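Reader: I'd like a close look at one part of this model, with a bit of its surroundings. Here is what I have open.

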Amino acid sequence: MNWKEQLEEIGNCQDSNKAIQDYNKILTVQESPDDIKEEAILKLAKLFVKIGKGDQLPTLLRSVRPFFDKISKPKTDKIVRNFIDIFSTVPDNLQTLIEFVKENIQWCKDTNRIYLRQRLETKLYTLMFEAKDYANALSGLTTLLIEIKRLDDKPLLVEIQLVESRIQHALKNIPKARAALTSARTNANTIYCPPKLQAEIDMQSGILHSEEKDYKTAFSYFFESYETYDSLEDPLAMKALKYMLLCKIMTNQTDDVHALVNGKIGLKYHNNRSIEAITQISKSHAKRSLHMFQEVTKEFADQLSDDPIIHSHLTELYSNLLEQENNNNNNNNNNNNNNNNNNNNNNNNNNNNNNNNNNNNNNHNNNNNNNNNNNNNNNNNNNNNNNNNNNNNNNNNNNNNNNNNNNNNNNNNNNNNNNNNNNNNNNEKLLIILFLF
């Protein structure tokens with residue numbers, strides 16, 4: 001049996017303890033080829049992670065360091081970097097991984113492995129960024145960036161500038177984050193950029209555009225990143241899909257969220273809890289329900305709060321929903337107040353109208369009564385006046401008649417007297433005349 005077949009047989013073994021013994025036997029046997037030992041180291045590391053013994057990985061790497069002296073430095077660099085990537089898959093071991101990387105950096109300095117040290121330092125600062133140790137990560141990254149620029153190592157320079165952009169974004173220094181990303185993209189265009197690194201650049205571009213509220217451009221970058229990760233079968237494809245759905249929610253295109261989740265893109269991740277959380281957020285936003293939004297954030301707290309990008313945009317979305325609800329409540333209150341005011345005004349108007357009508361009726365009645373009374377009084381007065389006038393007239397007439405009669409009598413008497421006097425005078429004249437004759 002050759003060594004390749006023996007490795008395959010160990011890999012198919014159901015007994016993990018026996019498989020570990022067989023891998024260790026290959027590593028200790030001097031007759032085994034170097035490439036078989038290299039493959040056995042990585043397979044044994046994956047087996048430790050699979051059975052939950054990830055804490056034994058640092059011990060395993062230390063035990064095989066004498067083997068690294070027998071192989072070339074590029075092969076050693078490849079094994080160590082792959083080994084650290086395997087160790088990164090162990091859950092909840094960030095601080096242990098940081099200490100492990102620091103240990104290997106010191107080993108590189110002791111053995112004068114400059115190329116591997118530079119890449120391990122880049123990995124260290126990436127881990128510090130994930131641990132939110134931004135100050136130490138940025139200071140160390142600045143020193144490393146100067147060294148790499150002097151060497152003109154473009155592939156590593158792209159990685160460093162990408163990490164710098166992420167750290168600046170975490171520090172809310174968007175202009176410096178965009179400047180670092182632009183430099184990374186410029187350098188990536190001058191070299192062959194691995195698909196995974198290009199996907200990381202697209203992801204960071206989408207994040208920065210979303211921070212500037214340019215969600216349509218951000219969606220296109222997230223979509224490019226998703227396609228690359230999905231073709232590589234990388235778990236980060238699900239993260240890119242989450243950001244795509246978030247962009248649709250932030251642009252009020254909640255119908256597109258349902259189409260994406262149930263379409264060709266989202267079928268693979270349809271039962272994923274993180275995707276379900278974003279879908280529920282979309283439903284609460286479509287209904288403009290603040291209560292439903294709060295319930296979803298509580299139910300899916302682990303999926304929504306752990307990601308700082310999702311958390312920051314959901315905070316903004318919550319503020320928008322709260323503002324809309326307050327505006328709606330204010331509008332309802334204003335409408336109720338207006339209705340109450342209108343009702344009060346109508347009641348007041350009705351009361352005033354009733355009062356006016358009553359007053360008018362009373363006034364009319366009083367006026368009518370007064371008029372009637374006045375009319376009666378006037379009539380009575382008129383009658384009395386008429387009667388008085390008539391009486392007066394009669395009296396006057398009588399008086400006048402009497403006066404006239406008296407006057408007539410007097411006149412008659414006077415006339416008679418005058419006549420008598422005239423007659424007397426005439427008689428006297430006749431006597432005189434007769435006497436004269």
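How near do the axes of helix α10 and helix α12 come, and at what angle do they cross?

Author: First, a word on the source: this is a predicted model, where local features need pLDDT of at least 70, side-chain atom pairs count only at pLDDT 80 or more, and totals for chains, interfaces and linings use all residues. Residues are numbered from 1 along each chain as its sequence is written, and side-chain values use heavy atoms, with hydrogens and water left out.

Now to your pair. Helix α10 (residues 154-170) and helix α12 (residues 195-211) have axes that come within 11 Å and cross at roughly 25 degrees. Axes here are lines fitted to C-alpha atoms, for helices over the stretch in contact, and angles run from 0 to 180 degrees between N-to-C directions. Helices are DSSP runs of H or I with at least four residues, strands are E runs of at least two, and both are numbered from the N terminus. That angle makes α10 roughly parallel to α12 (under 35 degrees is roughly parallel, over 145 roughly antiparallel, 65 to 115 roughly perpendicular, the rest oblique).

On the α10 side, the contact (heavy atoms within 4.5 Å) is made by Val158, Glu159, Leu162, Ser165, Arg166 and His169. From α12 come Leu197, Glu200, Ile201, Gln204, Ile207, Leu208 and Glu211. By class, this contact of α10 with α12 has six nonpolar, three polar and four charged residues. Nonpolar covers Ala, Val, Leu, Ile, Met, Phe, Trp, Tyr, Cys and Pro; charged covers Asp, Glu, Lys and Arg; the others, Gly among them, are polar.

Ala199 is buried, with a relative accessible area of 0% (buried means under 20%, exposed over 50%, partly exposed in between, with a 1.4 Å probe and protein chains only). Leaving aside neighbours within four places in sequence, Ala199 touches Ser225, Thr228 and Tyr229. Its C-alpha atom lies 9.8 Å from that of Phe223, 24 residues apart along the chain.
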